[in-house]
Amino acid sequence: MKKFFLLLTLPFLLAGCNDDNDTPKPEQKADMTVMAYLVADASSIEDDIWTNIAAMYDGLADMTKPATLLVYWDGSGSYDEWGHPVILRYECDGRGNINGQKQLLEDATVEEVVALAEVVKEYPSQLSVEKGVMTQVLKDMISFSSTSKIGLIAASHGSAWTNSIYMSRSLTRSFGQDGKGTDNTMLIKDMADAMKATGRKFDFLLFDACFMGTAEVCYDLKDAADYQIASVMEVPAYGFPYENSIKYLYEGTVEGYKNICQAYIDFYKQRYENGRQAWGTIALVDSKEMLNLANATKSEIVKHKDALADFDVDDMQEYGKQGGSDIAYDLGELVSRLNGGSIPQAFAAQLDKTVLYKGCLEIASPPSYAVDAANYCGLGIYIPMEYRDEWNQFFKTIDWYTAAGWNEVTFSWDF
């Protein structure tokens with residue numbers, strides 16, 4: 001009887017084993033597309049941004065699941081073979097293959113990496129900082145993606161919330177310069193409108209760019225992306241260490257966004273320890289909290305508007321280190337000074353809800369770029385001052401000016 005039972009059950013056992021071995025595992029699909037909008041035409045950092053493409057490619061090696069990387073490149077033609085803007089696509093299968101080929105070694109040149117890209121779109125020469133152009137390019141990039149989540153990296157020259165690139169810098173970068181002429185820039189409000197005109201809200205916006213970690217910028221972009229990653233000071237020309245951190249963006253989670261911020265700080269700390277120039281700040285901002293932060297800021301500004309009428313910024317933490325004097329002071333430190341040296345509990349709580357991660361280098365090279373962590377809240381803020389009349393007039397046109405209550409301050413000088 002035992003033998004008969006065994007004969008009956010053996011085929012079923014074998015069939016079960018065969019099913020497990022023969023049934024193919026469902027193919028994984030990418031669920032996040034990272035789009036990089038790289039504007040480097042005749043820029044002083046064109047070679048650095050060009051090199052970032054290879055760093056992003058190298059970073060795909062760490063992926064254990066499929067991932068899509070789309071790169072919009074607008075260069076001068078000095079490095080690329082096209083001489084006009086293009087969209088490049090890289091598809092990683094999570095098993096070491098990119099665009100159907102085994103990944104190149106880490107020391108592969110940018111040219112070798114670019115040669116493996118799929119050129120999915122070419123454009124005639126155009127100003128990539130024009131609102132309509134950016135909207136169309138982003139729409140095109142989205143059309144080449146099939147994922148439910150999409151994030152954006154933006155890299156170029158620029159000047160935070162201001163309306164022109166006024167700083168001479170050969171070793172830093174910020175957003176919005178196309179060509180040698182400084183007039184070819186993009187207002188942050190126009191950038192926000194361009195992103196929103198695509199018809200979708202981005203999961204994240206990462207600025208590989210100077211001075212974007214300000215309340216004014218983040219407020220303008222609050223409806224364009226769920227989360228914003230930015231530095232309030234100059235970003236070193238090397239930019240983000242994509243080779244060991246882009247993988248975190250594909251997680252599409254707050255924890256992943258925190259991890260890329262931490263990787264950024266760790267990278268520049270290591271560079272400093274290796275005797276190289278290194279400095280930096282980085283913050284992760286929850287866009288949906290920016291309106292609440294504006295309201296909390298307005299409460300403080302209106303409450304202390306008499307003190308702000310002739311406010312002294314001497315000895316405050318200032319973030320423009322290389323010609324960007326006065327572009328941003330620390331928001332938390334401002335509120336602290338207005339309240340006798342401590343931040344009110346309610347305002348501190350709102351800051352914590354808004355800034356989900358903040359990191360900085362307290363020792364740096366050059367030494368003047370070091371940041372006092374005790375007075376670093378993650379976000380900068382412009383404080384109107386008498387001798388910055390041109391800035392003041394433009395400041396009155398941005399949304400943060402009214403949202404944060406600056407319009408209710410009567411300054412002791414003509415504003």
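I began with burial: of the 415 residues in the protein, 55% are buried (buried is under 20% relative accessible area, exposed over 50%, partly exposed in between, with a 1.4 Å probe and protein chains only). I note that this is a predicted model, in which local features need pLDDT of at least 70 and side-chain atom pairs count only at pLDDT 80 or more, while totals for chains, interfaces and linings use all residues. Residues are numbered from 1 along each chain as its sequence is written, and side-chain values use heavy atoms, with hydrogens and water left out.

**Entry 1. Overall make-up**

I counted 14 helices and 15 strands in the protein (DSSP runs numbered from the N terminus: helices are H or I with at least four residues, strands E with at least two). I then looked up contacts (heavy atoms within 4.5 Å) between residues at least 6 apart in sequence; 73% of these join residues at least 24 apart.

**Entry 2. Helices α7 and α8**

I examined α7 (residues 242-249) and α8 (residues 254-273), whose axes come within 7 Å and cross at roughly 165 degrees. Axes here are lines fitted to C-alpha atoms, for helices over the stretch in contact, and angles run from 0 to 180 degrees between N-to-C directions. The crossing angle therefore makes α7 roughly antiparallel to α8 (angles over 145 degrees count as roughly antiparallel, under 35 as roughly parallel, 65 to 115 as roughly perpendicular and the rest as oblique). I recorded the crossing of α7 and α8 as left-handed (the near helix is turned anticlockwise from the far one by less than a right angle; clockwise would be right-handed). Glu 243, Ser 245, Tyr 248 and Leu 249 of α7 make the contact with Gly 256, Tyr 257, Asn 259, Ile 260, Ala 263 and Phe 267 of α8. By class, I find six nonpolar, three polar and one charged residues in the contact of α7 with α8 (Ala, Val, Leu, Ile, Met, Phe, Trp, Tyr, Cys and Pro count as nonpolar, Asp, Glu, Lys and Arg as charged, and the others, Gly among them, as polar).

**Entry 3. Helices α9 and α12**

I turned to α9 (residues 290-303) and α12 (residues 345-354), with axes that come within 9 Å and cross at roughly 155 degrees. This angle makes α9 roughly antiparallel to α12, and the crossing of α9 and α12 is left-handed. On the α9 side I list Met 290, Asn 292, Leu 293, Ala 296, Thr 297 and Glu 300, which meet Phe 347, Gln 350, Leu 351 and Thr 354 in α12. The residues of this contact of α9 with α12 divide into five nonpolar, four polar and one charged.

**Entry 4. Two strand residues**

I located Asp 74 in β2 (residues 67-74); Asp 74 is buried at 2% relative accessible area. The side chains of Asp 74 and Ser 128 are joined by a polar contact of 2.6 Å (a pair of N or O atoms within 3.5 Å; within protein, one must be able to donate a hydrogen and the other to accept it, and residues adjacent in sequence count only if both atoms are side-chain atoms).

I found Cys 360 in strand β14, buried with a relative accessible area of 11%. Leaving out residues up to four places away in sequence, Cys 360 touches Ile 265, Lys 269, Gly 280, Thr 281, Val 371, Ala 373 and Tyr 376.

I noted a positive phi of about 65 degrees at Phe 211, which is not a glycine. Phe 211 sits in the loop between β9 (202-208) and α6 (215-220) and is buried at 0% relative accessibility. Asn 99 also has a positive phi, near 55 degrees; Asn 99 is partly exposed at 21% relative accessible area. Lastly, I recorded a cis peptide bond from Ser 365 to Pro 366, with omega near 5 degrees.
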